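Q: Please go through the terms used for this model one by one, and set each value against its definition.

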Amino acid sequence: MSELSANFIHDIIDADLAAGFKRQIHTRFPPEPNGYLHIGSAKAIWINYSTAKKYGGTFNLRYDDTNPVNEDEEFVRSIEQDLRWLGAVPDGGIFYGSDYFEKCYEFAVGLIKKGKAYVCCLTAEEMREYRGTLTTPGKDSPYRDRPVEENLDLFERMKKGEFEAGTRTLRAKIDMASPNMNMRDPAIYRILYAHHHRQGDDWCIYPLYDYAHPIQDALEGITHSLCSLEFENHRPLYDWVVENIGFENPPRQYEFARLNITYTVMSKRYLRELVETGKVDGWDDPRLPTLCALRRRGYTPSSIVEFVTRAGVAKTYSVVDIRLLEYCIREELNREAPRRIAVAEPIKLTITNYPADKVEHFPISNNPTNPDAGTRQVAFSRELYIDKSDFSLDPPPKYQRLRLGGEVRLMGSYIIKCEEAVTDDAGNVVELKCTADIETSNGMPADGRKVKGTIHWVSAGHAIEADLMLYENLFTLENVDDVPEGTNYLDHLCENSLTHLKGCKLEAALADAQPGDRFQFVRSGYFCVDSRHPGTFNRIVTLKDSFKV
């Protein structure tokens with residue numbers, strides 16, 4: 001992973017160090033294993049990992065597995081895979097929030113003994129009523145002043161499973177009149193009867209995130225807890241927990257703006273809904289912003305890191321243009337991807353004056369931007385395929401591709417002239433009959449005539465067949481977080497986000513392409529061999545865009 005450029009988080013750490021901060025900088029990435037990571041997660045990973053590396057510190061991966069309902073080992077495995085794919089090695093260790101359940105329980109008992117926590121019997125609805133609003137203070141729970149011994153007994157009985165789910169909570173005793181709603185005696189434990197992917201059925205009470213997270217940070221020696229801006233109003237509770245438990249070297253929380261991208265939904269809840277309702281083909285559908293989907297589509301770790309680097313680290317909400325992401329992968333692949341020929345919608349082209357039994361090979365560059373990439377030999381024969389879009393029976397003005405009576409250059413080989421177009425009963429062109437100027441294989445015509453158009457082709461007898469998947473934005477709405485009134489995000493799904501082209505003709509050099517291999521298909525775009533279907537190529541990105549950096 002590349003190093004972070006200077007930002008306000010580094011300014012904070014620089015100030016800490018200048019003030020005599022003596023501890024090694026230690027950061028963490030704490031995902032909940034209830035889904036697959038997305039590109040917004042990549043920003044959080046990149047900030048935490050690169051910050052630790054810049055200051056010679058360490059970086060932890062910690063699974064926030066304190067809510068067993070939607071958590072699964074599948075997600076646990078995928079998270080570490082994505083982390084390592086991005087290049088973020090958790091050199092500080094891999095941890096699980098659930099492994100701290102015993103310590104969280106002990107600390108909760110300590111808060112009860114200090115008079116800082118109490119068992120509450122209000123229902124969830126009653127708690128909302130007592131909580132107040134942004135303009136009116138809350139009311140004390142009638143159970144707020146239970147004696148310490150009674151609270152200890154009730155909390156122990158909660159742990160033993162004597163009460164039904166939802167009938168008891170353990171709440172921090174802070175301030176029901178606080179202007180910060182998160183400080184109005186928040187629940188820190190709830191009863192939940194659910195099998196835990198790691199702890200099994202050992203626990204029926206589970207700590208809430210705002211209570212467990214600062215404890216986990218403190219126990220792991222995290223110095224700077226870096227998280228997205230949505231947790232800014234939770235910071236006073238974070239500080240209250242570590243202060244009242246009494247950690248000697250407490251971590252400090254700092255927030256940055258989350259990553260939002262145009263035409264993209266980043267909510268894990270929405271992503272899960274898209275998957276579970278079949279709107280997309282699984283978590284790795286190449287139209288999704290999940291890291292496994294981007295990997296399947298053909299994005300590289302370096303292009304994603306370059307994108308989040310360019311998007312920057314700030315404290316204010318913004319939406320980044322998805323074309324910046326496309327620019328980053330396009331720039332990388334323009335330098336590195338080998339060129340190959342693919343005919344997406346093939347039409348047969350017969351060169352009538354070329355011998356039927358003759359095959360010759362033309363050298364074609366593997367990458368014009370890199371002379372060291374060399375050339376490859378591409379077979380040429382009497383029967384070829386060209387793309388449907390490269391011929392017109394009724395061409396518009398200034399049309400420079402093939403037409404009846406017109407000439408074009410077949411890329412890297414001969415100039416040809418179209419003599420006849422064969423159509424089927426519906427009027428569709430099914431074959432073109434052409435003649436080749438045999439003297440033009442190495443240059444322009446001897447008579448000096450100008451031929452401007454160049455089209456790509458493959459030899460019919462040497463081509464392989466494959467499918468091409470052409471992807472567009474999944475949503476038609478630029479800012480999916482700002483849905484018009486009376487609609488929801490599903491109303492703005494793009495009907496044409498996927499075009500599946502079957503029976504495409506590709507040059508023979510692609511026969512050995514392996515899943516994950518990336519190419520530029522000349523005049524078409526950048527493509528990657530699909531990891532699920534080796535006979536399919538996913539379009540990563542088109543060749544050009546007007547986006548300016």
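**Strand pairing around β25**

Q: What makes strand β21 and β25 a pair, and in which sense do they run?
A: Strand β21 (residues 464-471) and β25 share 3 bridges in the parallel sense. Two strands pair if DSSP finds at least two bridges between them, so this count meets the rule. L468 is the residue opposite F537 in β25. Strands here are DSSP runs of E with at least two residues, helices are runs of H or I with at least four, and both are numbered from the N terminus.

Q: What do these values rest on?
A: The model is predicted, with local features needing pLDDT of at least 70 and side-chain atom pairs counting only at pLDDT 80 or more, while totals for chains, interfaces and linings use all residues. Residues are numbered from 1 along each chain as its sequence is written, and side-chain values use heavy atoms, leaving out hydrogens and water.

Q: How is strand β24 joined to β25?
A: Strand β24 (residues 525-529) runs antiparallel to β25, and 4 bridges join them. F527 has R539 in β25 as its bridge partner. The two strands form a hairpin, with 6 residues between them.

Q: Why is β25 called mostly covered?
A: In strand β25 (residues 536-541), 6 of its 6 residues are buried. Buried means under 20% relative accessible area, exposed means over 50%, and partly exposed lies in between (1.4 Å probe, protein chains only).

**Other strands**

Q: What makes β8, helix α8 and β9 a right-handed unit?
A: Strand β8 (residues 224-228) is joined to β9 by 5 bridges, and the two run parallel. With helix α8 (residues 235-245) they make a right-handed β-α-β unit. The term means that, with the strands pointing away from the viewer, the path from the first strand over the helix to the second runs clockwise. L226 stands opposite Y254 in β9. In β9 (residues 252-256), 4 of its 5 residues are buried.

Q: How do you know that the buried residues of α9 line one face of the helix?
A: The buried residues of α9 (residues 268-276) are L271, R272, L274 and V275. Seen down the axis, they fall within an arc of 160°, so they line one face. The arc is that of the directions from the helix axis to the C-beta atoms. The face turned away from this buried side carries the exposed residues R269 and E276. The buried residues pack against α3 (73-86), where contact means heavy atoms within 4.5 Å.

Q: What caps the N-terminal end of α9?
A: S267 does, with a side-chain oxygen 3.3 Å from the backbone nitrogen of R269.

Q: Where are D185 and K398 placed, and is each buried or exposed?
A: D185 lies in the loop between β5 (169-172) and β6 (187-191) and is buried, with a relative accessible area of 0%. K398 is in the loop between β15 and β16 (407-410) and counts as exposed at 81%.

Methods. Polar contact = N/O pair within 3.5 Å; in protein donor to acceptor, adjacent residues only side chain to side chain.
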